[in-house]
Amino acid sequence: MTKTFLKRDIKTAKTVRAVCGRDLPPLTDLAPELFARAGHICLATDRGCLKKFKRTFKKMLGRRRAGTHIFVLPAGRPAKTFRALEELLSFMLKRGFSRNSLLIAAGGGSVTDLAGLAASLYMRGISWISVPTTFLGQIDAGLGGKTAVDLAGIKNMAGAFYQPALTVCDAAFLQTLGRDELSAGAGELVKYALIGPAALRRRVLKNLGRALKGETAALVKLVSACADFKLSLTARDERDKTGVRERLNFGHTAGHAFESASGGRLAHGAAVLWGMRYACLLSIKLKILKPAHQKTVSGILWKTQAPPLAAKCFDFRAFHRLICYDKKAGAGKNRFLLIERPGRIKAVNNIAPGILKGTLTALRLPRGLRAGYGKNFCDKNF
Ligand SMILES: NC(=O)c1ccc[n+]([C@@H]2O[C@H](COP(=O)([O-])OP(=O)(O)OC[C@H]3O[C@@H](n4cnc5c(N)ncnc54)[C@H](O)[C@@H]3O)[C@@H](O)[C@H]2O)c1
């Protein structure tokens, strides 16, 4: 079933549009107005996607497939660099792209983050379409207009808020994802179950198992529900200023530190799952997560599998340095989003390093040894 979401930004009154479904019509039919005014068109994707989806991309470009320029990025994390950004900008410049040109980003979160940033910069901003092809991209990264590259090994340190004119989440792309790649989306999915309203939580928990087996109906339901929820938050706080949007970062402070410390070996979604587990333990330690909700929250977090954290992730000095790069924390300070109960997130600043260190140690201990982290802690898989 195809669903179209139109969300009007409360500040700018601009409308953000997303279409979710399976085997969707070509982009030229979904957004004829964007193509009518586009002189030049560039499709930015990565090597892996181009190999898999060459024919699909041709179909997707409809009447404008001839003449569309293709720019190929390296797959995954190496796409999110200043070098790749400059190469994409130069590619468009050399081919005479103007302010009326159109950039289409088709790939995982690395492609949509990088190409969205290039669209925001080229001639101070050209239109772009986001076509996320991973599960994580369709429920999160490809939506909402946060774009970025990494800087000095630190995640998303240089970027812009720049909304795509259209986001298209087609479940047909998800058929080629393996179990590991689907699981990589599970971290962000679990996040929605913990930060969203009860109806979203029920939907996530009901469909999670089937989605991880690659069942299309479950994937389509989850993509639509998460896209709807994310876009309604971002329309109320596009620039992440009022706290409405910030809850989407639950688990990301520690998660980004784990992802950076692993040198990119830990997938973003898995890093976020570990980051939420860390935030959960911290919430218990600081008595923010009350005993009545501990079992539910930890049950959701430890039910989902994640690859183990490398030893480097437990180096507290490196961890502490990395968490202080959180964009919402002041210089040299820390800020964590903690959980009071499912659906309620609270920001806490400047937690004492001793508590942060103790919690990092507790994260790698078996249940019985986690003194002070709640009796009801349900972590039988850990
Ligand atoms: N901007 C945001 O709001 C936001 C939110 C969450 C995550 N992110 C970012 O997203 C990035 C992670 O994105 P990701 O997990 O989508 O992965 P990715 O883009 O880093 O890598 C995806 C990999 O899967 C391959 N691939 C893509 N689609 C495929 C398909 N349909 N079938 C088979 N293989 C496919 C690609 O070739 C690539 O190798 C991180 O850099 C993270 O910071 C951004």
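Is Lys-287 buried or exposed? Select Lys-287 to find out. This is a predicted model. Lys-287 has a relative accessible area of 64%, so it is exposed. The cut-off for exposed is over 50%.

**Stop 1**

Most residues other than glycine have a negative phi.

Now select Ile-288. This residue also lies in the loop between helix 11 and helix 12 (291-303). Its relative accessibility is 12%, so Ile-288 counts as buried. Show what surrounds the residue. Neighbours within four places in sequence aside, Ile-288 is in contact with Ser-283, Leu-338, Ile-339, Glu-340, Lys-346 and Val-348. Then draw a distance from Ile-288 to Trp-302. The two are 14 residues apart along the chain, and their C-alpha atoms are separated by 19 Å.

**Stop 2**

Go to Asn-350. Look in the loop between strand 11 (344-349) and helix 14. Asn-350 is not a glycine, yet its phi is positive, at about 50°. With 45% relative accessibility, Asn-350 counts as partly exposed.

**Stop 3: helix 10**

Select residues 252-261, which make up helix 10. How many of its residues are buried? The count is 10 of 10, and the helix is mostly covered. Among the buried residues are His-252, His-256 and Glu-259, along with Gly-255 and Phe-258.

Next, bring up the cover. Strand 8 (154-161) and helix 7 (179-195) contribute to covering the buried residues of helix 10. The cover also includes helix 11 (268-285), helix 13, strand 10 (335-341) and helix 14 (353-363). Step past the end of helix 10 to Gly-263, which follows the helix and has a positive phi, near 65°.

**Stop 4: helix 10 against helix 13**

Helix 10 passes helix 13 in a right-handed crossing.

Show side chains at the contact. Helix 10 supplies Thr-253, Ala-254, Ala-257, Phe-258, Ser-260 and Ala-261. Helix 13 supplies Phe-319, Leu-322 and Ile-323. Colour this contact by class: it has 7 nonpolar residues, 2 polar and no charged ones.

**Stop 5: helix 8 against helix 9**

Hide that pair. Select helix 8 (residues 198-212) and helix 9 (residues 216-236). Which hand does their crossing have? The crossing of helix 8 and helix 9 is left-handed. The axes come within 9 Å and cross at roughly 145°.

On the helix 8 side, pick Leu-200, Arg-203, Val-204, Asn-207, Leu-208, Arg-210 and Ala-211. They meet Ala-218, Leu-219, Lys-221, Leu-222, Ala-225, Cys-226 and Phe-229 in helix 9. By class, the residues of this contact divide into 10 nonpolar, 1 polar and 3 charged.

**Stop 6: the whole chain**

Zoom out and colour by domain. Domain 1 takes in 3-177 + 214-236, and domain 2 takes in 250-369. How many residues of each domain are in contact? Domain 1 brings 7 residues and domain 2 brings 11. The domain centres, taken over C-alpha atoms, are separated by 30 Å.

Key. Residues are numbered from 1 along each chain as its sequence is written. This is a predicted model: local features need pLDDT of at least 70, side-chain atom pairs count only at pLDDT 80 or more; totals for chains, interfaces and linings use all residues. Side-chain values use heavy atoms; hydrogens and water are left out. Axes are lines fitted to C-alpha atoms, for helices over the stretch in contact, and angles run from 0 to 180 degrees between N-to-C directions. Helices (H or I, at least four residues) and strands (E, at least two) are DSSP runs, numbered from the N terminus. A crossing is left-handed if the near helix is turned anticlockwise from the far one by less than a right angle, and right-handed if clockwise. Contact means heavy atoms within 4.5 Å. Ala, Val, Leu, Ile, Met, Phe, Trp, Tyr, Cys and Pro count as nonpolar, Asp, Glu, Lys and Arg as charged, and the others, Gly among them, as polar. Buried means under 20% relative accessible area, exposed over 50%, partly exposed in between (1.4 Å probe, protein chains only). Domain bounds come from an automatic or database domain assignment.
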